[in-house]
Amino acid sequence: MVNRSGFFRAALLFLLFFLATGSWSQVLAQDDATTHIELILDASGSMWAKLGGSTRIEVAKDALGKIIDDLSERKGIAVGLRVYGHRTNDCKDTKLEIPIGPMDEKKMKAFIGKIKPKGKTPIAYSLQEAAKDFKKDFTGSKVIILVTDGLESCGGDPCAAAKVLAEKGIVSKIHVVGFGMDKKSVSKLECIVKPSGGLLLEANSAAELAKAFDTIVKTALDTNLEVTGLDGKGKPVEMSVSVLQEGDEVLSEKGQTVKANLPEGSYLVRATATETGEEIFFEGVDLVEDKLTSLKAVFSIARIRVRALDSAGKPVRAEWQIFRKDAPEEPVVRFSGADWTEKALSPGEYTLKAHHRDTKVTLTADAAPGNGETAAVELVFAQGKLLISGLDSNGKPVYTDSYVYKAPFDRDNPDEAARDGGNKHEYSLVPGTYDILVRDHNTKVEQWIRDVVIEGGKTVRKEVSFSQGTVRLTVKGFEGKPVYFFTEIFLSPAEENDEFVHSDSGENEVSFPIVPGTYDVKVWTEEPRAELWEKGMEVKAGATAAKSFAFPAARVRITPPKKGTEWTYIFVDVFPHPAGEDDEAAVSEAGAEEHIQFFLVPGTYDFRIRDEEERETWMRGIELAADEKFAGEVKFED
């Protein structure tokens, strides 16, 4: 019988010291080359599920504790911890709890020990947020190790998020450890590790790691293979390196120089230039222990460096296409840039096209860089500037949306030159005459500016004034405390199927501009679930209409039973009293904490409480008054 706790600990330990760098030599020999590791730990509600004789979260905590002990004794390793699903049931519940840095053994152990799973599985959002965790001045390897017991549950795209991290060079490797999952589910995680060449491990299958463990025992500590990428002038080239033995890939790494440490034997080495895809093969590379074999992969690479300028000589963003002169139908590469941008290509003759989106002008140029050479190209777009400011009734900036059309504006066939949104708008335009539509973003009121003449190298400024009033709503709930609320504003008198003219939400207070007039205001809260109206609210230009709402509420705290030292995970459903057999719950909550807390409108209720073992008990006829505090302790009959 497999000891899952011991196996998972071994799998994670192997992952941290081998997969983190993708290179034995970097971990075991080069103490001065820091490896930056970020663990992303799944703390979603499913981590309470059983794994062997324990729960998944308990197995993870035990394994991580042992790993932390080992990491604290090693040099050259920086470790951070990001956790998701441990605070709320929100799809944005992910947080860098311990920044990447030198190991603080006590701090990390203490935090991991307090984690209580409760939320969802926002893998994609966690990967996106992890991009901010690796500082620009980090050197060496930058690695993410994602430990998860399930698939994305928040509608995100983890595959796309991982691809961005790898392609932009934000991380060197992304590795995934899946445990307690079936093989079909684990296979869906492969797209996360594939862009960076990372590995995917299952914590419930020791067979897949047996060969890797054998390799670590046999591998010497010193580097015995070094592959360097160069161009025809000896400049470094980014590449990916694959090492194969008898058809099996034993190493895959990226960089300008790749160092590895492999058992003695004969290998095939393939180096591929990242930007051009050119491949160089080294066959019959014989590696021996304690002897360095250095290979130089010299690629045929030329570079084209480009930028676009405006009439004043300042850089502007342009969309570029580069075509081979002998194949003008399909561009070799497409990209955009707001200043100097460099691309690596095969030596040859090329035609460049730059499109300036603001002016809708396309310019062309030729370049013919040789091997190791760089051709610089600058293209100038003649243009003038248009500055637009939106102001409210008091002359203060207001958020507007603006649309610029070639004059005269044709409603049936409009020739739109540009559009923008904000307090101020700045356009770069081809010289000509334009009609501009400016719309107040909040009130939707529109104004036109006709026949605006733009000249090259000159600036035209326009101000547009909008009449506005302000609505300020204040909401309090239980014991007069602030509460999060939602509001919709309707033209008065509001009919049943009318569309609202404005909606908003916030805690305690919201304030927003609106066109002067008379309105019906609907306000509601989720805790407690209640709704109030204010009819006929009058809003005047330059003035503020204020209204306060109070939602009477009672606080309920349900305490689960304990199983040993841990709180039992329970589900609480609330029904108006008396509850019928087919009634739908008015409120549902769940958790495994000292108490489950929620708020209800005063009234009489029945509470149904269940646990994961399908045990059930009821609290019936609970009468709740405004600002009352009710506490109930759950006991299940065995």
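What follows goes from the nonpolar cores to the strands, then to the disulfides and some backbone details.

A word on the ground rules: this is a predicted model, so local features need pLDDT of at least 70 and side-chain atom pairs count only at pLDDT 80 or more, while totals for chains, interfaces and linings use all residues. Residues are numbered from 1 along each chain as its sequence is written, and side-chain values use heavy atoms, with hydrogens and water left out.

Let's begin with the cores. In soluble globular proteins, nonpolar side chains tend to be buried together. A nonpolar core here is a set of buried Ala, Val, Leu, Ile, Met, Phe, Trp, Tyr and Cys residues joined through side-chain atoms within 4.5 Å; buried means under 20% relative accessible area, exposed means over 50%, and partly exposed is in between (1.4 Å probe, protein chains only). The largest such core has 28 residues, and the ones touching the most other members are Leu-41, Leu-81, Met-108, Ile-112, Ile-115, Ile-145 and Val-147. At least two residues each come from β1 (35-42), α3 (56-71), β4 (77-84), α4 (105-114) and β6 (141-148). The biggest giver is α3, with five residues. For the element names, helices (H or I, at least four residues) and strands (E, at least two) are DSSP runs, numbered from the N terminus.

Zoom in on Met-108 for a moment. If you skip its neighbours within four places in sequence, Met-108 is in contact (heavy atoms within 4.5 Å) with Ile-68, Val-79, Gly-80, Leu-81, Ile-98 and Met-103. There is also a second, separate core of 23 residues, with Leu-251, Ala-271, Val-285 and Ala-344 among them.

Now turn to strand β10 (residues 239-245), where you'll find Ser-242. Buried or exposed, which is Ser-242? Ser-242 is buried, at a relative accessible area of 8%. Its side chain makes a polar contact with the side chain of Glu-249, at 3.1 Å. That term covers a pair of N or O atoms within 3.5 Å; within protein, one must be able to donate a hydrogen and the other to accept it, and residues adjacent in sequence count only if both atoms are side-chain atoms. Leaving out residues up to four places away in sequence, Ser-242 touches Glu-249, Leu-251, Ser-252, Leu-268, Val-269 and Arg-270. Leu-251 is also one of the residues in that second core.

Between β10 and β11 (248-255) comes a loop that holds Glu-246. Glu-246 isn't a glycine, yet its phi is positive, about 55 degrees. In contrast to buried Ser-242, Glu-246 is exposed, with a relative accessible area of 80%.

Strand β16 (residues 302-309) runs parallel to β23, and seven bridges join the two; strands pair if DSSP finds at least two bridges between them.

How many disulfides does the structure hold? There are two, where a disulfide is a pair of cysteine sulfur atoms within 2.5 Å. Cys-91 and Cys-154 form one, with their sulfur atoms 2.3 Å apart. Cys-91 lies in the loop between β4 and β5 (94-101) and Cys-154 in the loop between β6 and α6 (158-167), so this pair ties together parts 63 residues apart in sequence. The S-S torsion of Cys-91 and Cys-154 is about -85 degrees, so the disulfide is left-handed.

The other disulfide joins Cys-159 to Cys-191, S to S 1.9 Å. Cys-159 sits in helix α6 and Cys-191 in helix α8 (residues 190-193), so the parts tied together are 32 residues apart in sequence. With a torsion of about -45 degrees about the S-S bond, the Cys-159 and Cys-191 disulfide is left-handed. Counting bonded cysteines along the chain, the pattern is 1-2, 3-4.

Last, some backbone details. The peptide bond from Ala-407 to Pro-408 is cis, with omega near -5 degrees, and Pro-408 lies in the loop between β25 (400-406) and β26 (416-422). The bond from His-577 to Pro-578 is cis too, with omega near -5 degrees; Pro-578 is in the loop between β41 (570-576) and β42 (587-591).
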